[in-house]
Amino acid sequence: MPVIDLVRRVTTNVEEYNLNKRSNESLILVRDKRSMQIQSDTTLNLTIGEIWYNSSRHADTKIGDKGIRLKSQKYIVFTTEQYLAIPYNVYGIVVGKGDNIFNGGVISTGKIVPGYKGELRIGYYNAGSETIILRRGDLLGSCIFFDTETTLIEENIDVTYDKVPVLEYVSKRKRFLEFARDNWDKILSLLFSLIAVIVALIS
């Protein structure tokens, strides 16, 4: 399988992608030019998008302005800034970037199957000894693409961009302040009860 020349075979035009997605000259769709980072003729860089998966809340959550602090030996899942639509005769492979070696960052490698549409979900493991701060736009990895010998035959669905609801990132401090605001009467009642118990024990 030959490696695809991305300079020639990448587009940001949805109509152009839909028209050619089964042809020998099919095109890989990247949603917009701002997020399209072609490092070389054969490599597309992948960067951190606006969403990370919050396992404690079991929900997609927006990354705050200060980024995400990932402690040593901890793992997190990001969505990419890049929205991709893969033709029915193209296969992709996601690999890590050498730059991440210096801070101990390791990503989950994987495949992009023909016909895939959407952002990618990529796991990031901090194998280093220090906490890493990761922000939107930071480099995650890269991918290369190959032509397949056959064209996938399945339901012909054109690309449309669907919005997926996500939770806004809320810091622990903000969550505590919101809880205190909504339950101040109960907190005061509990505080007075504790003071009464302490006074009774002292007297």
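This section describes the charged and aromatic side-chain contacts of the structure.

The model is predicted; local features require pLDDT of at least 70 and side-chain atom pairs count only at pLDDT 80 or more, whereas totals for chains, interfaces and linings use all residues. Residues are numbered from 1 along each chain as its sequence is written, and side-chain values use heavy atoms, with hydrogens and water left out.

Side chains of opposite charge can pair when their charged atoms come close. A salt bridge was assigned where a side-chain nitrogen of Lys or Arg lies within 4 Å of a carboxyl oxygen of Asp or Glu. Under this criterion, 6 salt bridges are counted. One of these is formed by Glu-25 and Arg-8, with an N to O distance of 2.6 Å. Glu-25 is located in the loop between α2 (14-20) and β2 (28-30), and Arg-8 in helix α1 (residues 6-9), so that distant parts of the chain, 17 residues apart, are linked. Helices (H or I, at least four residues) and strands (E, at least two) are DSSP runs, numbered from the N terminus. Accessibility classes are buried (under 20% relative accessible area), exposed (over 50%) and partly exposed (in between), for a 1.4 Å probe and protein chains only. Glu-25 is partly exposed at 45% relative accessibility, and Arg-8 is likewise partly exposed, at 48%.

A salt bridge with an N to O distance of 2.6 Å also joins Glu-119 to Arg-31. Because Glu-119 belongs to strand β11 (residues 117-126) and Arg-31 to the loop between β2 and β3 (37-40), the pair ties together parts that are 88 residues apart in sequence. Glu-119 is partly exposed, with a relative accessibility of 29%; for Arg-31 the value is 29%, again partly exposed.

In the salt bridge between Glu-50 and Arg-136, the closest N and O atoms are 3.7 Å apart. Glu-50 lies in strand β4 (residues 43-54) and Arg-136 in the loop between β12 (132-134) and β13 (139-147); the pair therefore connects parts separated by 86 residues in sequence. Both residues count as partly exposed, Glu-50 at 34% relative accessibility and Arg-136 at 45%. Glu-50 and Arg-136 also belong, together with Glu-81, to a network of salt bridges.

A charge is taken to sit over a ring if NZ of Lys or CZ of Arg is within 6 Å of the ring centre and within 35 degrees of the ring normal. Arg-22 lies over the face of Tyr-88, 4.2 Å from the ring centre.
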